[in-house]
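Subject: Handing over the structure

Hello,

I am passing this structure on to you, as you are new to it. Please have a look at the sequence and the model first, and then read on.

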Amino acid sequence: MITSMTGYAAISAEIPQGSLALELRSVNNRYLDLQFKLPDEFRVLESEMRDFLGTGIMRGKVDCRLTFSIYSGTSRQQRLNHGLLNDLLEMSRDIKAIFPAAHDLSVAEILRWPGVFDSDRILVDELRTPCMTLLQTALQELILARRREGEKLQNLLLERVQQLRQLVQDLLPSLPTILAGFQERLLNCLKTAGLDENDERIRQEFTLFANKIDVDEELSRLQGHLNEFEHIVLTGGVVGKRLDFLTQELNREANTLASKSVAREITRISVEMKVLIEQLREQIQNIE
């Protein structure tokens, strides 16, 4: 089954330290683009979370939002991270040596600095396992949501492929009659102009022109591309880029068919084909 790049999942859990909530929101993108919104003290988990999400999602822009609400009354012994404070002091001295006008950090600014409390690190160590468990559940739900959306896209794509096939089948039986009628009109024009249709030069030009307006090859390639398109859709997997390439090929054949048109029926069918192919292209942008 194909998978959409659009999906949403939200999971929350109550743990002894407080309430964890995680939200995953996915939209289409050419590549895998992971964006995180985490509390400052949870930033140390971003790399691990990024690697984990990459195991289940190949393409799409995914926003991951984690919130943590500590229970009121939960005792947390605040201990300053003296190593970080010393580093801040050294950096402040170095900056003022270069920019003497730079102002010192205020106590409030220092207390808001990520990691200034050792207790934040201790808290994250305690919450790493429940946080990753929550992420695992959210990822599973996101994948299921993307698959459900992919199933809808699959049905839509197969429906459009069938409509394109029908257009080809509608044109094939009438094509000899259309071309014969055009050739007859062309011969009448030659006679009206007083030209001899049996003249060798005219016969050669006539043959060359007949080859130029022959669309059998385009229709044959269209059928081949449609067969391959349907095979890829039914096979499933990460197929968005392959389907996008095939859609470009389908559009190229439809354009060529229109450029070779010698009758309103061929023009009408080629226009309908291009409308359906554009609908395919728009939906494929959402496929992983």
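First, how to read it all. This is a predicted model, in which local features need pLDDT of at least 70 and side-chain atom pairs count only at pLDDT 80 or more, while totals for chains, interfaces and linings use all residues. Residues are numbered from 1 along each chain as its sequence is written, and side-chain values use heavy atoms, with hydrogens and water left out.

**Overall make-up**

The protein chain has 8 helices and 4 strands. Both are DSSP runs numbered from the N terminus: helices are H or I with at least four residues, strands are E with at least two. Read from the N terminus, the order of elements is β-β-β-α-β-α-α-α-α-α-α-α. The chain has 288 residues, and 36% of them count as buried. Here buried means under 20% relative accessible area, exposed means over 50%, and partly exposed is in between (1.4 Å probe, protein chains only).

Helix α6 covers residues 216-235 and helix α7 covers residues 240-259; they pack with their axes 10 Å apart, at an angle of about 160 degrees. That angle makes α6 roughly antiparallel to α7. Axes are lines fitted to C-alpha atoms, for helices over the stretch in contact, and angles run from 0 to 180 degrees between N-to-C directions. Angles under 35 degrees count as roughly parallel, over 145 as roughly antiparallel, 65 to 115 as roughly perpendicular, and the rest as oblique.

Helix α8 (residues 264-284) packs with α7 at an angle of about 165 degrees, and the axes are 9 Å apart. This makes α7 roughly antiparallel to α8. The crossing of α6 and α7 is left-handed, and α7 also passes α8 in a left-handed crossing. A crossing is called left-handed if the near helix is turned anticlockwise from the far one by less than a right angle, and right-handed if clockwise.

**Salt bridges**

Side chains of opposite charge can pair when their charged atoms come close. The structure holds 17 salt bridges, each being a side-chain nitrogen of Lys or Arg within 4 Å of a carboxyl oxygen of Asp or Glu. Here are some of them.

- Glu-23 and Arg-25 meet through their side chains at 3.3 Å, N to O. Glu-23 is partly exposed because its relative accessibility is 24%, and Arg-25 is partly exposed at 41%.
- Glu-90 and Arg-93 also form a salt bridge, again 3.3 Å from N to O. The two are 3 residues apart in helix α2, so about one helical turn separates them. Glu-90 counts as partly exposed, with a relative accessible area of 43%.
- Glu-159 pairs with Arg-160, with the closest N and O atoms 3.4 Å apart. Glu-159 is partly exposed at 43% relative accessible area, whereas Arg-160 counts as buried at 16%.

There is a network too: salt bridges that share partners join Glu-217, Glu-218, Arg-221 and Glu-253.

**A nonpolar patch**

Which residues make the nonpolar surface patch of about 430 Å²? They are Met-91, Ile-95, Ile-98 and Phe-99. Patches are made of residues with over 30% relative accessible area and no salt bridge; like charges are joined within 9 Å, and nonpolar side chains (Val, Leu, Ile, Met, Phe, Trp, Tyr) within 5 Å. The accessible areas come from the Shrake-Rupley method with a 1.4 Å probe, and for residues only the protein chains shown count as cover. Phe-99 sits in the loop between α2 (82-98) and α3 (107-111), and counts as exposed because its relative accessibility is 54%.

**Contacts across the sequence**

Asn-286 lies in the segment after α8 and is partly exposed at 22% relative accessibility. Between Asn-286 and Gly-60 there are 8.6 Å in space, C-alpha to C-alpha, though they are 226 residues apart in sequence.

Glu-265, in helix α8, is partly exposed at 31%.

Pro-130 belongs to helix α4 (residues 118-192) and is partly exposed at 25%. Pro-130 and Glu-14 are 116 residues apart in sequence, with 9.6 Å between their C-alpha atoms.

Best wishes
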